[in-house]
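Please open the structure in a viewer and keep the selection tool at hand.

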Amino acid sequence: MGKPAQRVRKFDEPIRIFVVSRGLPDRRPELAAIIADIRAHVNYLDVAVTNDRQAANFFVMLVADHDINRTIRARYGNGAAARIQQSLNPQCLSGIGKDKHYRIRRAEVILPVDAGEFTFYDCAYEELLQALGAINDDRSVPWTMFNDDVQMGFFDVYDQHLLNILYDPRVRAGMTKEEVNGILPEVLPSVRAWVTNANPPRHADKSDAPSHAVVAVGAGLRSTNAQSSGRTGAN
């Protein structure tokens, strides 16, 4: 929870996710499917689950709902945990660690496994995507999961556009909002083509979402310390 940074934050290296399962039901198969779904819908994103903890730069902890706060204390310390609990009362949590160039070097996600099927999927998709760098919520956009008032439980095409913009090689870690806006006209056509091809025909009628993405990517570059509504992220 530091000073807000008006910069793009993203991984610029392969992302390897290590999963720690400490609750029942065992959600590792569902989590693996969610990660595969994200990978299938974001071009240039090299992400996979690993069984090698030392090789991982992204950690997911699957815990019982009643252990969320205890896990946060164990990961972030009593002081930070108290501030998180007081301001956010999180149902799930994501956090990132970045270097001086705004490259994400480590990410963590904490998810409840026994709070219900929809809650698990809703939390998992949002927190995983936020830990990839889409960390900001915006209540002005009603068709994104990055809105505290919206719960989806799946990776819809609008958010696919945002993540594909973020992970386009022309969008680099550390870029300002103005720099990203300057290259959006050349980035958006290839992003639109990728998202259209990555989705079945029944979603084709939503392919006009990129017209809103130009506005939302600017909002997405606004940095907040944390987001909350039951689901939350921090950097």
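The stops below pass through loops, helix pairs and charges over rings. Please note at the outset that this is a predicted model.

Select Pro25, which lies in the loop between strand S1 (15-21) and H1. The peptide bond that joins Leu24 to Pro25 is cis, and its omega is near 5°.

**Second stop: H1 and H3**

Now select helix H1 (residues 28-41) together with helix H3 (residues 117-131). Their axes are 11 Å apart and the two helices pack at an angle of about 45°. H1 and H3 are therefore oblique to each other, and the crossing in which H1 passes H3 is right-handed.

Which residues make this contact? From H1, display Glu30, Leu31, Ile34, Ile35, Asp37 and Ile38; they meet Glu117, Phe120, Tyr121, Ala124, Tyr125, Leu128 and Leu129 of H3. By class, the residues of this contact of H1 with H3 comprise ten nonpolar and three charged, with no polar ones.

Although Tyr44 is not a glycine, its phi is positive, at about 70°.

Select helix H4 (residues 157-166) and helix H5 (residues 177-198). The two axes come within 9 Å and cross at roughly 130°. That angle makes H4 oblique to H5. The passage of H4 by H5 is a right-handed crossing.

To view the contact, show Val157, Gln160, His161, Asn164 and Ile165 in H4, which meet Leu184, Val187, Leu188, Val191, Arg192, Trp194 and Val195 in H5. How many of the residues in the contact of H4 with H5 are nonpolar, polar and charged? Eight are nonpolar, three are polar and one is charged.

Select Lys10 and Tyr167. Lys10 lies over the face of Tyr167, and its distance from the ring centre is 5.0 Å.

To conclude, display the aromatic side chains throughout the model. A search of the whole structure finds four aromatic pairs.

How values were computed. Residues are numbered from 1 along each chain as its sequence is written. This is a predicted model: local features need pLDDT of at least 70, side-chain atom pairs count only at pLDDT 80 or more; totals for chains, interfaces and linings use all residues. Side-chain values use heavy atoms; hydrogens and water are left out. Axes are lines fitted to C-alpha atoms, for helices over the stretch in contact, and angles run from 0 to 180 degrees between N-to-C directions. Helices (H or I, at least four residues) and strands (E, at least two) are DSSP runs, numbered from the N terminus. Angles under 35 degrees count as roughly parallel, over 145 as roughly antiparallel, 65 to 115 as roughly perpendicular and the rest as oblique. A crossing is left-handed if the near helix is turned anticlockwise from the far one by less than a right angle, and right-handed if clockwise. Contact means heavy atoms within 4.5 Å. Ala, Val, Leu, Ile, Met, Phe, Trp, Tyr, Cys and Pro count as nonpolar, Asp, Glu, Lys and Arg as charged, and the others, Gly among them, as polar. Rings of Phe, Tyr and Trp (its six-membered ring) pair if their centres lie within 6.5 Å; planes under 30 degrees apart count as stacked, over 60 as edge-to-face and the rest as tilted. A charge sits over a ring if NZ of Lys or CZ of Arg is within 6 Å of the ring centre and within 35 degrees of the ring normal.
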